[in-house]
Amino acid sequence: MDENKRNVLIDESSIKERIKIVAKEITKDYKGKKLYVLSLLRGSFIFTADLVREIDEKLKIGFMTTSSYGHNEESSGIVKVLNDIPDDITGYDVLVVDDIIDSGITMNFVINYVKERGASSVKSCVLLDKPSRRKLDLKPDYCCFEIDDVFVVGYGLNYGDHYRNVPYVFNWEK
Ligand code: IMP
Ligand code: MG
C-alpha cells in the first residue's frame, strides 16, 4: 500500500499520551487488588505491552485468543475460544484488554467467560470504541479513544492479518 495514501486517524504520540492517562486511572483503581490483565490476541498485543508498562501496580498477565471474524470485516456473531486463559483466575480482579469494541459481542462473551471462572471482578479496557456499531448494551470501563464507524488498522489491528505492525491507527480504504 502506498504510504502517502494512509489516512492517519490516531498518531503515535497521541496513543502514548492517552495510554499514560488511562494507565494512571487503572493504577489508582486497582490499588490493593489482585490484578490479572487478560489480553485478547492477536489484536491487543501491542496495546497491552504499552499499557502494562504504564501501570504501577503488581499484576499478572495472561493471553487468550478468541475469534469471530475470520477474514471478514463484519462479526459472524459467534465467538470461539482458540486459546484458553492459561491460569486459574479464581479470586483475581480481571481486566480484559482488547484492541477495539465494535458490536460488543467479543467483549461480552469474554466477560461472561471470566465470571464463570470465578474471578472476583471483571472490567474491560480497550484502545478504541466504536459505540455506533454496538449490538449489545455494553460500555468499556476504560477506553482510550472513541471513533466513528470506520474500519481501522495498525497498532495491533489488522486487515487480512496485515498492518498490525504499523505504529499508528489509520483508516482502512481498499
Ligand atoms: P466485536 O466482537 O464486534 O466487538 O469485535 C471485536 C473484534 O473485532 C476486535 O477485537 C477486532 O479484532 C475486530 N475489529 C472490529 N472492528 C475492527 C476494525 O475497525 N479494524 C480491525 N479489527 C476490528
Ligand atoms: Mg480481536
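I began with Gly104 in this predicted model: a backbone N or O atom of Gly104 sits 2.8 Å from an oxygen atom of ligand 1. I count a polar contact as a pair of N or O atoms within 3.5 Å. Residues are numbered from 1 along each chain as its sequence is written, chains are lettered from A and ligands numbered from 1 in the order written. Local features need pLDDT of at least 70, side-chain atom pairs count only at pLDDT 80 or more, totals for chains, interfaces and linings use all residues, and side-chain values use heavy atoms, with hydrogens and water left out.

Next I looked up side chains. An N or O atom in the Thr106 side chain is 2.5 Å from an oxygen atom of ligand 1; for the Lys130 side chain, the distance to an oxygen atom of the ligand is 2.9 Å. I then noted that the protein covers 93% of the 490 Å² of accessible area that ligand 1 has on its own (Shrake-Rupley method, 1.4 Å probe).

I listed the shell: 16 residues surround ligand 1 (a heavy atom within 4 Å). The closest are Asp99, Ser103, Gly104, Thr106 and Val152. β5 gives the largest share, 4 residues (strands are DSSP runs of E, at least two residues). By class I noted 8 nonpolar, 4 polar and 4 charged residues, with Gly counted as polar.

Last, I checked a sheet. It is open, with 3 strands in the order β1-β9-β8 and antiparallel pairing (at least two DSSP bridges per pair). The edge strands are β1 (7–10) and β8 (152–153). β1 pairs with β9 (residues 169–171) over 3 bridges, and Val8 has Phe170 as its bridge partner in β9.

Definitions and conventions. Polar contact = N/O pair within 3.5 Å; in protein donor to acceptor, adjacent residues only side chain to side chain.
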